[in-house]
Amino acid sequence: MADRMERRDFLKVLGVAGGGATLAGCSTEGAEKLIPYVVQPEEIVPGVATWYRTTCRECPAGCGMEVRTREGRALKAEGNPLSPISHGRLCARGQASLHGLYDPDRIPQALARDGEDWERLPWSAAEERLAVALRANRGRAVFLSGTTTGTMDRLLDAWCAAAGVERVRYDAFGYEPLRAASRAVYGIDGVPVHDFSAAEVVVSFGADFMETWVSPVDYAHGFVQGHAMSGDRRGTFIHIGPHQSLTGLNCDEWLPARAGTEHLVALAMARAIADRRGGAGAGAASASAIAAVDIAHVADTAGIPVERIQAAAARFDNGGRSLAVGPGVASQHRAATAVAAAVAMLNQAAGNVGRTVLTDRIETSAGTGEYAQLRALVDRIGNGQVGLLLVHGENPLYSVPLPEGAAEAIAGVDTLVSFSSYLDETAEKADLLLPDHHFLESWDDWEPRTGVTSIVQPVMTPVFRTKQTGDVLLSVARRAGFGIPNQANTYYDYLRGRWSREVIAGADEEGWRDALRAGVIVRAGASAGATTAGTTRAATPGVSRPAAIGDVRFDAPLAQAEGDFQLLVYPSYRFYDGRLANRPWLQELPDPVSKISWASWAEISPSAAQRLGLDMGDVVEVTTAAGSVEVPVFIHPGIRPDTIAIQLGQGHTALGRYAQSREGEPRGVNATRLLAAEVDPQSGGLVWIQTTASVRATGDWEHLPATGKLTQGGREIALTTTVAEARRGGRIADLNGDEHAEQDPVLAGAHHDAHPMEVVVSELQGAGGFAPLTFGGAPQDYPPPGTYYGEYTEEHPRWGMAIDMERCIGCSACMTACHAENNIGIVGPELVKEGRIIDWIRIERYFAHDNEDLAETQSGGATFLPMLCQQCGNAPCEPVCPVYASYHTPDGLNAQVYNRCVGTRYCANNCPYKVRYYNYFTYEWPEPLNWQLNPDVTVREKGIMEKCTFCVQRIREHERSARLEDRALVDGEIVPACAQTCPGDAIVFGNLKDANSRVARIAASGRGYRVLEHLNTQSAIIYLKKVVVEGSEA
Amino acid sequence: METRPILGIFAELDSTIDAIHRLRDAGLRDSLVYAPFPSHELEHAMEPHQSPVRVFTLVGALTGTATGFALATWTSLDWPLVTGGKPIISLPPFVIIAFELTILFGALATVLGLFIAARLPHRGIDVLYDPSFSAGRFGVRVDAPAERAGEVRQILSGAGAAEVREGEREVAVV
Amino acid sequence: MATATPVVRSETHPHVGSYAEVNRDVLKILSKPGPGYLALIALAAAGFGALGIAFLLQVFLGIGMSGLMNPVGWGVYITTFVFWVGIAHSGTLISAILYLFRAPWRQSIYRAAEAMTVFAVMTAGLFPIIHLGRPWLFWYLLPYPNQRGIWPNFRSPLVWDVFAVGTYFTVSSVFFFVGMIPDIAAARDAATVPWRRKLYTALSLGWRGTDREWKHFGRAYLYLAALATPLVLSVHSVVSWDFAMGIVPGWHSTIFAPYFVAGAIFSGLAMVLTILLPVRKVFGLEAYFTTRHLDSMSKLILFTSLIVSYAYFVEVFLTWWSGDAAHFEGNYVVASISGYYWWAGGTMLTCNALVPQLLWFRQVRRSVPALFVIALFINIGMWFERFVIIVTSLAKEYEPWQWAPYKPSLTEMIIMVGSFGWFFLLMLIFMRVLPPVAVAELKEVLPAPMRRGPAAVPHPIFEPDEEE
Amino acid sequence: MNRMRWIVLGVVALVVLVGVGAFAASALGSGSPEQPIAFPHDKHAGPASQIPCMHCHYTADRSENAGIPAVQVCAGCHIPGGVPMVRTDSAGVQQLIEYWNNQQPIPWVRIYKLPDHVHFPHMMHVNAEVTCQECHGPVEEMAEIELVAPMTMGWCVECHEQRAVRTDCFVCHY
């Protein structure tokens, strides 16, 4: 880019010298300047964080968000606890939104194409150009956007109408089959809201509802509520489909149905339910479709035993407390509409509608456009019928397959205008770049679902000279001389106008401020009928949506092309459709399933790998009729042997330094290049699962930037228990320290197979002064009286954690939250390969076997174990440090004093949990990514060991405010970043010495154990065993 | 009374010892023997006193022990930080420090003792020193009253000296 | 005059004629070097230079220049550190322990061995600093009064290391230097080149070889030897505790101290042979390092090799007996022969346990080429032993998620090889500057020249050499 | 000859030591760098005006940072309502007016600086009734601010120990 970024000069008005605290600096280098504000903003106290509530816009789900700012810089994103969408949580994508804000490769200002180069334009000139182009192309102009809701949607409609611009909407993940089937089955115009928390039995037909599907944070949160062991209750999750992504890995039972047969399985289950009930429970139209199903035939076609379908159906018939969902993108094949309809019918059959499937409300943001419309547009562009194309919010040249020649045609449109903040594949071809603000710099609103309006407000001054698209449109309207209804000078005024008319009608300024403080407005009782989302669809040639169940074609073929493997492309938890591939936190975050960062991989099953003679990292060529990619193999036990899966999101040819390699080459492969631009005629959606592929080993091998192992190698790290055993447990709840509790065989978790010597060794250690304390002795009793430990005489808390592996879905949001909170360096793919990734908290994902297909055993997926510093009482890392850089604080933390560390790495060697991470180099944050650095946490330079501190900066902050307010700390007041963002609320932090604290109570559950307890490390983290459902127990 | 240094140079060990014995018999005890290596026979002939070096070694070593324990204990108490649930005063590791300092201080004190007792470093070389002493020959030097010089020369020659020197002057070979 | 002295042959050094011969043969080494020597010096200096450059790069860019990673925090650097500390052992062992036991074959070799000790410690001492992430802060490990009021942690084995290695270096240097004073005086007396004369005059501290000097020297040397002997045993014990104090399976073992000491003596003796055999040849010192010396050292090597081999066996047996998977699989012997590091483990077992068995044969013990080759094998094997102990144990610890193999980087290999450059640079300079064979003490075991005929006592330890 | 060499060496060493010491001393304290405006703390906080510290550095009791007052704070007194008033004759106030008119921040030169790995919460100290002067010296008497404290860890710890405040590393370093 010819233009270097110019940053807004607001850093010059900071109350203190900005930037994260760095360790490299010492006292006497150069003269540092203290730059005061000219006029100090009222709400800002330098050194004290200010929080703003806004809405996450990284995917359409629209989670409510809280952003912590210091001295005018956004530092950390967290969920807005008032939001029914986020419940105060965020996924990794939401956590990483700050990296979108501070992306060093953002388009810094309005640019116009100048041959190969870009010409910098003042905004007035840029808008003038657009106005001229609009006048010249009246009737030949198209505004292409993704999902928009709320005020922006209204403005776009009004503006397009006034400007004579046709509006076309499509989403990479538009859920067209779901919407089509909802209309046919439920008669509603959109995806109904699902209440996972009310569902004891969940059956997913390929819907990745914990990752990207519709509203993943809400659904993951609800899922854990309904599913995790609580008291004697535990839910069941059955996953149906050829492949386990993160969501599938959380299942209790997997029915590995062949791709394209999910609807048949759903119907068979409905049939089984109907049979059980004697034919009742479904409407007439459904009944005929259901009655037509032959369960045995279905079982044969899908490749699952009949009994398992019937058992699943029996369990699903749960008095309205079950929920079937699907399809997701990973099961969006030619029969996807049939799957959606069959799932809806199954829900009806089980009586779930109105209980877990809330058809009176819809997920407004779950797609508003249609891929078919994009296809039609592309055809018109190819015919030269479009002279001006404005692209907003989507990246069609990357995210979906297009027909041959379409990319060139789009690039060849007379005037291609992009509003993208980043130079993505589409923007790269544009003639005019009008970069939008990042959502954290914008005023807007978002309606994620019926009755919920969430505010988007700027949390800081814009980083670059960008301009919000709403403002650009309003300004262009003035310049081009067309009026729109409710015309306003700025988009903020337009937004306020609509709010005072529609959202908080009648509210005064104070009402608006209250809304800003809440960040979200929830109108109880709103129903789908009241929604004004623009889902009315124009007729699209070749698409005939079913009007009723009878119109749904359940026999859509799953065409087989050449090749041995069914090709399955599926959305990325980290990158969504690929739009987030330029966020270094997300690139570095190991994928929750494969644990690979920075790269693409193809998933095949162990048996298929064995058949083809492939090992991890062997590069294969995957070829379909549409194209061919070379990609290394990841051997995934959770995939059918006849299927190969490739995740979407990588393979960018544009989008900046993090999405691409240092040389500008794509990182990984773009799996959409293997697909034809095929439209599902029943819904207008893209057929994502459309072809088989031939797989050929190239003989090359690639070192995958992966962490971890597939299995525990026979070690007992992540323990599981059975439902029955878990029900029997729960008896160490006697917090007053029952002396004999440790004798209980169930409670001595880690010791259930203990070698007699271990017991002896424990006893020997007891005589040494640092008595082993089994968990039964109640953690708050630690340290035991009479031991040497605890020479600190003052009264102090003993900070600790309880982590319930039942509630951990492995989503890894905590990892990104931790990176954001603690200034953790991004090491890049090469160093990840070398094993130098820094993850203070990591999610260990263990399969039972690494060489056995889960499809064979048809059992559940994997166990997830969040592993972080255990803050041991007898920490092995501490006494080996020669310089006291690692030592024990009075409040039970295992401190790491960065400035004292000389870097012997002895502590890491001696840490049995291997949670200490080392800065092998000094990791840089290119400007302005470094603006995100948390000033409360020291930035570590090369040669320093670092690790989880239980977010000591948060502990200190609350200790200080408690002290200043002369009060005691309140249980639950201090929340580390990982616990804060966990959608499943798996992590609970608090004072173990306080018997009434939540953490102590949870820790005392019968499922509790400590990892590697036999080492007598006296760790402060108590894990609660995951419950494994065995066939007979459920 | 004026004394003169007289040096007898010997090629053989037994004749050197002979010379020493004869000098002693003659009451000339103020003698010095040069030797190319530490010879027990010579040492015995000179009827030495106990060397004081061992006292230095002992005192140095004990000082080291005390210093080791004191250093480790005092610094641990000066800023008490608990590591690994171990006591602030963890004696087993401190034994190692004490041991090492015992050896260190003991060795250094021994060398100090050697230097003091043997008057090292010694500036310049004796007038009568002959380089052949380091190569293999022995020397017996007597600081005798001037009037007994002749007697001394006789004793030395008689014992088998290859060469006898007096003061700074070269003396005829016998 | 020498003709006047009846020639009596020493039992231990039958080919050495007279005291003067000793001086002549040894001190002739302290002469102007030839081109071959200068070439060797240049090679060694180049090696050290490469080490310096690699280290500086690592300081500026970060310790990531090494191959270290999670979970293997120690690799080639610590391996090489332990290797050199091990090498350093034989010097003081031969010198001090054999002195205390009055072993008659000590005199010829102890000087070179002591020099090896001092230089090996100087080489080893580089590595704890090289391996630090922030080597410019290495002085944090030293107990010095500072305004912060903070001290090192005396509970840390690394601080014990600082004390042990620091003491060992000081005491070895002192022992080395004190023992050399009479010989420097001899060199002074024979020196003709002015700079050498000045140097030796200064270093000899005015030594004259008087009875008083010899008397105190003898006592002091005895006490130093007495102090150095437990020190030798302690130093490698302390180094072994760097590992044994760790909780790492494969490290956490009570056998480590004696086992490391035996290994150190084993490797040190091998290194003595590696150095002395060429020196003996080049400088024509066959009369001083006789085949009996070689034979005795070979027996000691064989003995220590058996101890080391026994330790390997016991380690495997005990971890198997414990029934604990983490400890069994993590055991370095098991892990190294069954896992990723089979090549390192195989090298270790071959070089340290199998090859030395050749020394059971008398012909091998007395064959210079055979011994040289075996010594090289042992040097390599002992380096791999430390590598295997450190790396394989770390690579597969308790936490399966963090099992990963470590591969040394180019920087590490350059620094490792460069350390040999540094060691041999010092060794080569020493050979030509200071008397490499004990001139004075050798005379103790030669029969003294007697007017009244031979009086030499045959030595009981050496049986008559049939080759002579 | 030898002695001369030692003397020369000694002198050189002394000169180097003094030089290093002086440099260190200058780096540590004494210096009061040139500020963009020669702000006289004595005139503002001294007996003449008696403005309390917290009037301008008003976040000191509720934030980690004491806060450098915004230009607006200066202008509030000197340029109320846009009209230059108090002591407009002084060069400093003239400069201030210029900064204010240009809406430019004043680039003060930092004097009290802690390394970034030290967390010093002003509010905890102010609320524990540590007076500003204890660390910053008698500012009300200073025409120019100068460093009066060594700003070393030992200095911090001494005060913490005197007041029996935690000296846990993790209180300040994290």
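Which strand of chain A gives the largest share of the lining of the largest cavity? I found that strand 18 of chain A does, with three residues. (Strands are DSSP runs of E, at least two residues, and helices runs of H or I, at least four, numbered from the N terminus.)

Ground rules I noted: this is a predicted model, where local features need pLDDT of at least 70 and side-chain atom pairs 80 or more, while totals for chains, interfaces and linings use all residues. Residues are numbered from 1 along each chain, chains are lettered from A and ligands numbered from 1 as written, and side-chain values use heavy atoms, without hydrogens and water.

**Cavity.** I looked up the lining and got 40 residues, with A:R57, A:H392, A:G393, A:D436 and A:R579 nearest the centre. (A cavity is a set of points on a 1 Å grid over the protein atoms alone where a 1.4 Å probe fits but cannot get out; lining residues have an atom within 4 Å of a point.)

**Salt bridges.** I looked at A:R579 again: it pairs with A:D577, closest N and O atoms 3.0 Å apart. (The rule is a Lys or Arg side-chain nitrogen within 4 Å of an Asp or Glu carboxyl oxygen.) A:R579 is partly exposed because its relative accessibility is 25%, but A:D577 is buried at 6%. (Buried is under 20% relative accessible area, exposed over 50%, partly exposed in between, with a 1.4 Å probe and protein chains only.)

Next I checked A:R234 and A:D252, which bridge at 3.1 Å. Both sit in loops of chain A, so the pair ties together parts 18 residues apart in sequence.

How values were computed. 1 Å grid on protein atoms, 1.4 Å probe; cavity = no way out; pocket = protein on both sides within 12 Å on 5 of 7 lines; lining within 4 Å.
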